[in-house]
Amino acid sequence: AAPYTMASATWHDPTAPQCDAITPTLLSAIPGSQQVTVEWQAVDPPAFRGGPLNFIGTNFPREGAETTGIFGSLSFDITDNLTADFEWRNQTDDIQQDEPDTPGVDFTDSNTTFLPRFTLSYNLNSRGTVWATYSEGNIPGFFNSDLAPLNEDELEQVRDVVGPVSFFNDEEKLENMELGWKQRFDNGLYFSLVYYDMDWTNLKTRQAVPITIDNGVTRILNLQFNAGNASLDGFELEGGFRIGDHFDATFMANIVNGKYGFLTCGFSPFAPIDTTGAVAPGQRSCVGNTPARYPESSYAFSGTYNN
């Protein structure tokens with residue numbers, strides 16, 4: 001359905017139920033657990049220490065994470081054709097970051113989130129299903145380790161450029177609602193039509209921030225912060241058909257209406273200075289702009305002839 005993969009995290013994808021007849025079991029449950037560890041990853045940055053600027057802010061720290069999740073699902077057949085599904089995941093993300101110039105782990109933080117997904121599906125016939133889904137997803141927070149060694153005067157320089165900024169960013173959250181219809185016909189035509197509506201909060205973005213440190217050298221900080229929210233809704237159509245014994249075709253259409261509710265975007269010199277109070281005073285605002293990576297419309301068609 002709608003795109004759910006972002007950065008290194010995968011949102012819960014409310015994929016429609018299959019069109020096959022539902023299992024006659026009245027109530028079924030599936031428990032499970034998962035643990036994922038990302039090893040320390042070091043980056044060798046470019047070095048530049050001449051001229052008026054000192055890019056020591058590009059000396060990226062090593063970072064890692066451990067995610068532990070307990071998950072399960074319940075499925076209940078309300079009638080022969082109507083089924084309710086509840087899936088859940090209780091996930092803990094332990095975030096770690098280590099400055100490359102110091103031994104040991106310097107910063108740790110932990111975040112626990114409960115991520116549900118509810119689906120109500122109705123079998124129209126043996127080859128058709130309609131459904132409604134509500135689901136939630138998240139991307140964990142992240143450290144602004146460049147802020148750790150700064151004194152109060154240097155922190156004030158940062159706030160003068162980007163407004164309030166925290167040492168650890170809040171997690172991003174996504175709430176998704178979806179209505180769908182999947183159908184297959186005897187003549188070879190099949191399709192899946194989905195309407196989705198998503199609310200995306202605590203969006204993170206990055207910005208380079210110059211400050212002057214005690215020795216008079218300009219340092220460029222690479223900061224990440226929660227900058228705003230966005231809403232996206234749209235339709236997605238996927239399907240295919242066959243003509244005769246030799247020609248098969250697939251098609252796709254995606255129409256998206258996406259807008260930033262508010263977004264601090266100091267990284268863009270083309271964004272206007274906000275005058276509405278939606279973002280911090282004096283900051284550039286991308287309110288009403290279309291989120292990146294979500295074009296208003298996209299289409300695809302392909303055909304295959306087999307002799």
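**A guided tour of the predicted model**

Begin by selecting Gly-163: this residue follows helix H1 and has a positive phi, near 80°. The model is predicted, so local features are given only at pLDDT of at least 70 and side-chain atom pairs only at pLDDT 80 or more, while totals for chains, interfaces and linings use all residues. Residues are numbered from 1 along each chain as its sequence is written, and side-chain values use heavy atoms, without hydrogens and water.

**The whole chain**

Now display the entire protein as a cartoon. One helix and 13 strands are present; helices (H or I, at least four residues) and strands (E, at least two) are DSSP runs, numbered from the N terminus. Their order from the N terminus is β-β-β-β-β-β-β-β-α-β-β-β-β-β. Of the 307 residues, 35% are buried. Here buried means under 20% relative accessible area, exposed over 50%, and partly exposed in between, with a 1.4 Å probe and protein chains only.

**Helix H1**

Next, select residues 152-162, which form H1; its buried residues are Glu-154, Val-158 and Val-162. Seen down the helix axis, these buried residues fall within an arc of 60°, so they line one face of H1. The arc is taken from the directions that lead from the helix axis to the C-beta atoms. An α-helix has 3.6 residues a turn, so residues three or four places apart point the same way. On the face turned away from the buried side, find the exposed residues Asp-153 and Asp-160.

Contact means heavy atoms within 4.5 Å. Then move to the start of H1, where a side-chain oxygen of Asn-151 comes to within 3.1 Å of the backbone nitrogen of Asp-153.

Select Asp-146, in the loop between strand S8 (128-139) and H1. Is Asp-146 buried or exposed? Asp-146 is buried, with a relative accessible area of 9%. Its side chain reaches the backbone nitrogen of Asn-222 at 3.0 Å.

**Aromatic rings**

Show the side chains of Phe, Tyr and Trp. Rings of these residues (for Trp, the six-membered ring) pair if their centres lie within 6.5 Å; planes under 30 degrees apart count as stacked, over 60 as edge-to-face and the rest as tilted. By this rule there are twelve aromatic pairs. In one of them, the rings of Trp-88 and Phe-114 have centres 6.3 Å apart and planes at 20°, so the pair is stacked. Trp-88 belongs to strand S6 (residues 82-98) and Phe-114 to strand S7 (residues 107-125), so the pair ties together parts that are 26 residues apart in sequence. Trp-88 is partly exposed at 26% relative accessibility, and Phe-114 is also partly exposed, at 41%.

Select Phe-107, Phe-143, Phe-167 and Phe-168 together to see one aromatic cluster.

**Asn-254**

Finish at Asn-254, in strand S12 (residues 247-263). At 13% relative accessibility, this residue counts as buried. Which residues does Asn-254 contact, apart from its neighbours within four places in sequence? They are Tyr-196, Phe-235, Glu-236, Glu-296, Ser-297 and Ser-298. With Tyr-196, Asn-254 makes a side-chain to side-chain polar contact at 3.3 Å. A polar contact is a pair of N or O atoms within 3.5 Å; within protein, one must be able to donate a hydrogen and the other to accept it, and residues adjacent in sequence count only if both atoms are side-chain atoms. Lastly, the C-alpha atoms of Asn-254 and Ser-297 are separated by 5.5 Å, although the two residues are 43 apart along the chain.
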